[in-house]
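Have a look at the model first.

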Amino acid sequence: MYTSKIIGLGKYVPDNVVTNDDLSKMMDTNDEWIQERTGIKERRWAEKSKGETTTTMGVKAAKIAIERAGIDKDEIDFIVFATLSPDYYFPGPGVFVQEALDIKTVGAIDIRNQCSGFIYALSVADNFIKAGMYKNILVIGAELHSYGLDKTTRGRGISVIFGDGAGAVVLSRSENDKGILSTHLHSQGKYADELVLKAPGMGNRWVSDIVADNDPDDVSYYPYMNGQFVFKNAVVRFSEVINEGLHSNNLSVSDINMLIPHQANLRISQFIQRKFKLNDSQVYNNIQRYGNTTAASIPIALTEAWEEGKISEGDLVVLAAFGSGFTWGSSIIRW
Ligand code: UT7
């Protein structure tokens, strides 16, 4: 059986920096609260005037990943795109990447697993490669929250957290024992409503009724999060799924060189770091600069950690995520 290995990484974040002070001019919030509760100092918001979308950001990250992989775009066999903020309700962004990068008419699949989206995407790609079906797969995680947030005080519990950006990797067939050792995926739909964006959705109401109502108090188009409940579940599930990944490979916490947690909240990352007794150099965080970019957070952080020389050949890299669904997952990688 083959293994799959990351051979190229890239990231893109919009130029537009939005600080906590900028947010306090839009809603009743402040820098102190945001930093203390989340660790976030600033985030990037895409600019409509520049035509930025989830796809355009994903494409920019993907171009860098392909170039660094040292392959031609025509060697890409498949596209996997994770996002909760697609440009269109349908089709999903994978097909737009195929077109924008002028890749052959290879398959393109869209992953809808929110904060765990990149781990799910990586798992899908890894298993296609392990099965021998494809050799090089472009895996993208991109998110554009800022166009869809409630930027009034009503939405402050969620809007101060999220940011925009994209990350991408090229996953390629490897015939040695390095690469993705395993991925572990979970879901618990019982808590779907605890972190949710209900509209537009066919299970909710007739779309024509929503349009006809034109109700300014209709919040179904804005994301909702029961923050404390999500937080409590996150710390438990992150720990569980990291341990599951390590145990399934007969590894232990002391084998971890780099843990890249989904950047949900700095306090969650710090809790896990303390629980696993990891030092600062073993955990990568950049939520301070980008906020929570859901499916994009892990590939952005992975790319930055690699660019900063914090990941070396042979290192054990652990990726872990938790979010809406609830869904959670981990990936254990021998770099
Ligand atoms: O990425 C996917 C998974 N997501 C997560 O893992 C996120 C998990 N949850 C969290 O990160 C945290 O729960 C939040 C950062 C969302 C919220 O922090 P918290 O410490 O749980 O605050 P809270 O929701 O309990 O709110 C505490 C207080 C409330 O006021 P009262 O009722 O105590 O008077 C809120 O109204 O803070 C108030 N508040 C704010 N104040 C200033 C809520 N949002 C804000 C805000 N600025 N932006």
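How exposed is Y88, in terms of relative accessible area? Y88 is partly exposed, with a relative accessible area of 47%; here buried means under 20%, exposed over 50% and partly exposed in between, with a 1.4 Å probe and protein chains only.

A word on the source: this is a predicted model, where local features need pLDDT of at least 70 and side-chain atom pairs count only at pLDDT 80 or more, while totals for chains, interfaces and linings use all residues. Residues are numbered from 1 along each chain as its sequence is written, and side-chain values use heavy atoms, leaving out hydrogens and water.

**Aromatic pairs**

Rings of Phe, Tyr and Trp (its six-membered ring) pair if their centres lie within 6.5 Å; planes under 30 degrees apart count as stacked, over 60 as edge-to-face and the rest as tilted.

| Pair | Centre to centre | Angle between planes | Type |
|---|---|---|---|
| Y88 and F96 | 5.1 Å | 85° | edge-to-face |
| Y191 and F229 | 4.8 Å | 70° | edge-to-face |

F96 is partly exposed at 25% relative accessibility. Helices (H or I, at least four residues) and strands (E, at least two) are DSSP runs, numbered from the N terminus. Y191 counts as buried at 19%, whereas F229 is partly exposed at 25%. Ring pairs also join Y191 and F229 with F322, F326 and W328 in a cluster.

D217 lies in the loop between α7 (207-213) and β10 (224-225). D217 is exposed, at 58% relative accessible area.
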